[in-house]
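The exercises below concern pairs of charged side chains. Work through each task before reading the solution that follows.

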Amino acid sequence: MLKNKCPIDIGNAAIITNKIAIGTNFLMGRLENIFDFFSEEPFTIMVKEEENSIEEEYTCILRIRFWNRMQKSSSWSIYSKDRENLNNIIIRRVIWDLNKDKEIAKNGIRENRAEALESWPSIAICNKYIFSPWSNHVIDLINGLDLEIKNGLILYENSNQTWEWRDLEMLRLYDWGQVHLTWCTDRKNEDLEKRIKELIVGLDFTIERINEDIFSMTLNYSVNPEEYKNSLCGKN
């Protein structure tokens, strides 16, 4: 039987080696890497509504992410069993308090640089399973966003920047593929940005008002968060 071997990198260098990049020594840069990790993961979430229920898989079908907006970096991800026919959903919200960590960074670097570089960011994460019909309002907002982007998007030059955020990302997955854009305030699409803000308000409102419990959630991270943080610090 042929062995399934790891691909070998070749090129025109006499020596090619592999290593794990440990990222930046800049504390806020490392903390942002960890925020990016938690806001991109997990790709799937397993759910059991009740102890005797069948465990079902929910996949990320939409993500909205802001960097440095109102002194926070935030993301909202929506998970569903189907990319287009939505019913019950999961809302995942990740909020990073930039101001708090900037102050911690100032003091921590002075007192103990090594310990500060290994710290976790001040992130709050909420995962809420939303039953139908409570999910209907969110689904209507997603449908409105879909109408805005289904025929393509144009980002126009923004001659009147307000620096409301540093970067804005929108990822929407469909059965046929995906729409994925990230832009800064040099560009704008007012109609799309209005839809995104309306969706965020709806997601936050739904998260706060739904208190109905389920039995279990399993977050399927590609890498254990602790291991990921350690890799940024150069630890095995």
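A salt bridge is counted here when a side-chain nitrogen of Lys or Arg lies within 4 Å of a carboxyl oxygen of Asp or Glu. The model is predicted, and a search of the whole structure finds 13 salt bridges.

**Exercise 1.** Decide whether E56 and K81 form a salt bridge, and state which parts of the chain the pair ties together.

Solution. Begin with the distance: nitrogen and oxygen are 3.1 Å apart, which is within the 4 Å cut-off, so the side chains of E56 and K81 meet in a salt bridge. Next, place the residues: E56 belongs to strand 2, while K81 sits in the loop between strand 3 and strand 4, so the pair ties together parts that are 25 residues apart in sequence. Finally, E56 has a relative accessibility of 28% and therefore counts as partly exposed.

**Exercise 2.** Find which helices are tied together by E148 and R195, and how exposed the two residues are.

Solution. The side chains of E148 and R195 meet in a salt bridge, with an N to O distance of 3.4 Å. Because E148 lies in helix 4 and R195 in helix 5, the pair ties together parts that are 47 residues apart in sequence. Both count as partly exposed, E148 at 24% relative accessibility and R195 at 29%.

**Exercise 3.** Locate the partner of K197 and the element in which that partner lies.

Solution. K197 forms a salt bridge with E164, their closest N and O atoms being 3.1 Å apart. K197 lies in helix 5, whereas E164 lies in the loop between strand 6 and strand 7, so parts 33 residues apart in sequence are tied together.

Technical notes:
Residues numbered from 1 in each chain as written. Predicted model: local features only at pLDDT ≥ 70, side-chain atom pairs only at ≥ 80, totals over all residues. Heavy atoms only, no water. Helix = DSSP H or I, 4+ residues; strand = E, 2+ residues; numbered from the N terminus. Buried < 20%, exposed > 50% of the residue type's maximum accessible area, 1.4 Å probe, protein only.
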